[in-house]
Amino acid sequence: MTKILLTGTGLFTPPESISNDELVAAFNAWADAHNAANAQAIQAGELEAAPLSSSEFIEKASGIKSRHVMNKSGVLDITRMRPELPTRSNEEPSQLCEMALAAAEQALAVAGRSGSEVDAVIVACSNLQRAYPAIAVEVQQRLGASGFGYDMNVACASATFGVQNAVDALRNGSASCVLVVNPEICTGHLNFRDRDSHFIFGDACTAMVLERAEDAKNQQGFEVLGCRLATQFSNNIRNNFGFLNPAETPPRSDRDRLFIQEGRKVFKEVVPLVVGLIGQHLGELGIEPQSVRRFWLHQANLNMNNLISKRLLGREPSFDEAPVVLDEYANTSSAGSVIAMHLHQDGLERDDVCVLCAFGAGYSAGAVVLKKL
Ligand code: COA
């Protein structure tokens, strides 16, 4: 079978960031104002008081300490509590395109490729900025790439599904240099007035370049030993935002057009799904989980990642074996596991086996087994 290489990765990190304390202060100021404004209804039992959030809870329950964001002031403004992004004209690059180009530039430089050598662009992410034209086609044009581009959404697992598509395209000959980008402005779909989830997400974008080994300019990076994907329907992570919202009668609430999850159920149900997927995939490749040098896991919850690694390894993982970026980045959806891979390649030696694995809404999960070149 044709050998496929992942020859470059890139990362765009928004310059602004919000600490747990800053986020909690804004949430609690909003909750106090909300409770004061609705004191009578709350007293009469017609409305529930908004409970207060806490930084200690957030860090203990998730491992998150801060998040990078595209706009801080809008999120922390208690009369707004959502990012404030300039409406771009049709002639300007969309925000997702701009982030994608920044990450792509780095990944292409590592791969020793120029934008004009790319002949397939896959934008794989959870939240697309518009219906069409595809963001990928916009990225393709701005890179000066040839071939084709398309957008795809498999929620937090999107990057790994994008890698599978890239590998398929390279093997079947429909492309020779594929760019997979994962632009995520997760703060745009987050309900910053929901105590259970207001701390979960951050913004970022990652990029990966994949090529056939015989074509790769730089024989470096990783060989893709295999990809496995799995999906299993669940309503436990859901977002009902969509183009039919204005047509829906009666109209949905604002809350129902933002991210909602049953975090505890997700935790319980996704851990065995992911452990099974990675375990089976490694088994098919004849690789013992204990001989995997590094797991770049989806970055949603530290306790969840530790449990996944522990079930695979039979012991607690070290930071070196399962690096963490969610403390600084929070959950950046499809970008998370790729950020971990991009930032934590130190100490790897030739032939080391690593696993890139992402999971989330759907449920969806993807595992990519890589060998260091
Ligand atoms: N501040 C203080 N207390 C809070 C709080 C906050 N921000 N949010 C919730 N709580 C309270 C709850 O009301 C609950 O109180 P109770 O025990 O009195 O009912 C208690 O803390 C525990 O809440 P729970 O939601 O059960 O916490 P948890 O330990 O499950 O942690 C998540 C919540 C979201 C961090 C965790 O479930 C998670 O990360 N799950 C996996 C999510 C995931 O991977 N999603 C896929 C990616 S999209």
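Helices (H or I, at least four residues) and strands (E, at least two) are DSSP runs, numbered from the N terminus. The model in every view is predicted.

**View A. H344 sits in the loop between α11 and β12.** Helix α11 covers residues 336-343, and strand β12 covers 353-360. H344 is buried, with a relative accessible area of 16%. Leaving aside neighbours within four places in sequence, H344 is in contact with R294, W296, F319, P323, V324 and V325. D320 is 24 residues away from H344 along the chain. Their C-alpha atoms are separated by 8.2 Å.

**View B. T7 is buried in strand β1.** The strand spans residues 4-12. T7 has a relative accessible area of 1%. Because the cut-off for buried is under 20% relative accessible area, T7 counts as buried. The side chain of T7 makes a polar contact with the side chain of E211, at 2.6 Å. E211 is also among the residues that T7 touches beyond four places in sequence.

**View C. Helix α5 packs its buried residues against strands and a helix.** Helix α5 runs from residue 95 to 111 and has 17 residues. From its first C-alpha to its last it reaches 24 Å, close to the 24 Å expected at 1.5 Å a residue. The buried residues are Q95, L96, C97, M99, A100, A103, A104, A107, L108 and A111. An α-helix has 3.6 residues a turn, so residues three or four places apart point the same way. The packing partners of the buried α5 residues are β1, α6 (135-143), β6 (177-185) and β7 (203-212). G112 follows the helix, with a positive phi near 70°.

View D. The residues of α6 that are buried are I135, A136, E138, V139, Q140 and L143. After α6 comes G144, whose phi is positive, near 75°. In the loop between β4 and α6 lies P133. The peptide bond from Y132 to P133 is cis, with omega near 0°.

**View E. Q164 is a buried residue of helix α7.** The helix spans residues 158-172. Q164 has a relative accessible area of 16%. Not counting residues up to four places away in sequence, Q164 touches C227, R228 and L229.

**View F. Helices α1 and α3 cross at roughly 125°.** Helix α1 spans residues 20-37, and α3 spans 55-62. Their axes come within 9 Å. The two helices are therefore oblique to each other. The crossing of α1 past α3 is right-handed. N20, D21 and V24 in α1 meet S55, I58 and E59 in α3.

**View G. Helices α8 and α9 pack at an angle of about 35°.** Helix α8 covers residues 263-284, and α9 covers 302-313. Their axes are 10 Å apart. Helix α8 passes α9 in a right-handed crossing. From α8, the contact is made by V266, F267, V270, V271, V274, V275, I278 and G279. From α9, it is made by N303, M304, L307, I308, R311 and L312.

**View H. A155 and A330 have positive phi values without being glycine.** For A155, phi is about 50°. A155 lies in the loop between β5 and α7. Its relative accessibility is 13%, and it counts as buried. For A330, phi is near 60°. A330 is placed in the loop between α10 (326-329) and α11. A330 is buried as well, with a relative accessible area of 1%.

**View I. A cis peptide bond joins G362 and Y363.** Omega of this bond is about -10°. Y363 is found in the loop between β12 and β13. Strand β13 covers residues 364-372.

Technical notes: Residues are numbered from 1 along each chain as its sequence is written. This is a predicted model: local features need pLDDT of at least 70, side-chain atom pairs count only at pLDDT 80 or more; totals for chains, interfaces and linings use all residues. Side-chain values use heavy atoms; hydrogens and water are left out. Buried means under 20% relative accessible area, exposed over 50%, partly exposed in between (1.4 Å probe, protein chains only). Contact means heavy atoms within 4.5 Å. A polar contact is a pair of N or O atoms within 3.5 Å; within protein, one must be able to donate a hydrogen and the other to accept it, and residues adjacent in sequence count only if both atoms are side-chain atoms. The expected span of a helix is 1.5 Å times one less than its number of residues. Axes are lines fitted to C-alpha atoms, for helices over the stretch in contact, and angles run from 0 to 180 degrees between N-to-C directions. Angles under 35 degrees count as roughly parallel, over 145 as roughly antiparallel, 65 to 115 as roughly perpendicular and the rest as oblique. A crossing is left-handed if the near helix is turned anticlockwise from the far one by less than a right angle, and right-handed if clockwise.
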